Amino acid sequence: MPILRNLPSLLLFAALTAFGCHAQPVPQSAAAAPGQLAKPGKPITPELARRIEVLLRQKADLPPESTVNIGQRTTSDLAGWDTVSITVSNQGSTSHPIIFYVSDDGKTIGQFTRYDISADPRALISDAGRPARGGPETAPVLIIGFDDLECPYCAKLHADIFPALIARYGDKVRIVYKDFPLPADMHPWAMRAAVDVNCLADQSPAGYWNLVDYMHAHASEISAPFQSGPVDKTLPAVNQNLDKITHDQGVFQKVDVAKLDACIAKQDTTGIAASQKIGDSFKIDSTPTLFINGDKISGAVDISFVFNLIDTALRVQGVTPPPPYVAPPPPAPTPQPTAAKPSGK
């Protein structure tokens, strides 16, 4: 638990002087269960209250005319600690109450932040309804990638890392993509591509992955029209090409083509926006971003690092990982040709 004397003065001052328009009553305890009153703890003696007040004034650099209001001490759910609620009043306003912890011996006060870790990190982002590669839903490791089909870094990861994951782990890993197309001023056709591949995913998961493979592998060809003209003039041609690629894959997969074409024509971005909102909630601001059983990885990383995270996740699930990964040696340098010696004639 961080001790109060280690808290930055500026942060403590900001917390204690966040005055509202009206004085606020000091709550009995932050540790009380809803609808219940907290039990009184040990009394705060005038000498203890004075030591707390002097420390707060020093650490928060409180104005001399301010008043430190120390509430009653109440029992907490941490052994050896009570809670006390403290506010600061100044010029008719009172700060929001802040809960401090006081040790049983009255020699230490502190604060800490609680985080709920009761949920399985793997379940923080759902893969429900998404096409998957690799293992079944019961696979011990779930890898969720937030993907942009126009992103060159996503294309490299898609081509290099994911085949290696399947080769190393087989059905022990399950790979799912979520849509996170970047803004149109950065990637003009990423949203169109995301809508199109999801139209096919509704009828053919295999067709979805074929499209994802193709678009990542041929992104430069899809973008080629932009090299010969401005985006607003060439984007319709690119979109038309994306629609045709999707339609042709639907024909190959023998899906209901009329239904597929209607979905493509509608260009409903609702599902894509929902996926982006999930990404935003996890503070994703770039692609590719991976979650390996809930552990977030952003940007380009070495494949050995990814393997290490997956190996750790497997051990946590009680599964023995493959033998340690050994990176292949770098290719030997190509020898330089030796200059021909003069014949001497």
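Biologist: How many aromatic pairs does the structure hold?

Modeller: This is a predicted model, in which local features need pLDDT of at least 70, side-chain atom pairs count only at pLDDT 80 or more, and totals for chains, interfaces and linings use all residues. Residues are numbered from 1 along each chain as its sequence is written, and side-chain values use heavy atoms, with hydrogens and water left out. Rings of Phe, Tyr and Trp (its six-membered ring) pair if their centres lie within 6.5 Å; planes under 30 degrees apart count as stacked, over 60 as edge-to-face and the rest as tilted. On that basis, the number of aromatic pairs in the structure is 9.

Biologist: Which class of pair do the rings of F146 and F291 form?

Modeller: F146 lies in strand 8 (residues 141-147) and F291 in strand 10, so the pair ties together parts that are 145 residues apart in sequence; strands (E, at least two residues) and helices (H or I, at least four) are DSSP runs, numbered from the N terminus. The ring centres of F146 and F291 are 5.8 Å apart with planes at 70°, so the pair is edge-to-face.

Biologist: Is F282 buried, partly exposed or exposed?

Modeller: The rings of F282 and F291 have centres 5.4 Å apart and planes at 70°, so this pair is edge-to-face. F291 is buried, with a relative accessible area of 5%, where buried means under 20% relative accessible area, exposed over 50% and partly exposed in between (1.4 Å probe, protein chains only). The relative accessible area of F282 is 25%, so F282 is partly exposed.

Biologist: Which ring lies under the charged end of R168?

Modeller: A charge sits over a ring if NZ of Lys or CZ of Arg is within 6 Å of the ring centre and within 35 degrees of the ring normal. The charged end of R168 is 5.0 Å from the centre of the ring it sits over, that of F307.

Biologist: Which element gives the most to the lining of the largest pocket?

Modeller: The largest pocket has a volume of about 380 Å³; on a 1 Å grid over the protein atoms alone, a pocket is an open set of points with protein on both sides within 12 Å along at least five of seven lines, a cavity is a set where a 1.4 Å probe fits but cannot get out, and lining residues have an atom within 4 Å of a point. Of the 21 residues that line this pocket, R130, D179, N198, D202 and G271 are the closest to its centre. Strand 9 (173-179), helix 4 (190-201) and helix 9 (270-281) each give two or more residues to the lining. With 5 residues, the element that gives the most is helix 9.

Biologist: How many charged residues are in the lining of the second largest pocket?

Modeller: About 200 Å³ of space lies in the second largest pocket, and helix 3 (residues 152-169) supplies the largest share of its lining, 5 residues. Ala, Val, Leu, Ile, Met, Phe, Trp, Tyr, Cys and Pro count as nonpolar, Asp, Glu, Lys and Arg as charged, and the others, Gly among them, as polar. The lining of the second largest pocket has 7 nonpolar residues and 1 polar residue, and its charged residues number 3.

Biologist: What is the volume of the second largest cavity?

Modeller: Strand 9 gives 3 residues, the largest share, to the lining of the second largest cavity. A volume is the space filled by probe spheres set on the grid points, which are joined across faces, edges and corners. For the second largest cavity, the volume is about 30 Å³.

Biologist: Is N293 buried or exposed?

Modeller: N293 is not a glycine, yet its phi is positive, about 50°. N293 is found in the loop between strand 10 and strand 11 (295-298). Its relative accessible area is 11%, which means that N293 is buried.
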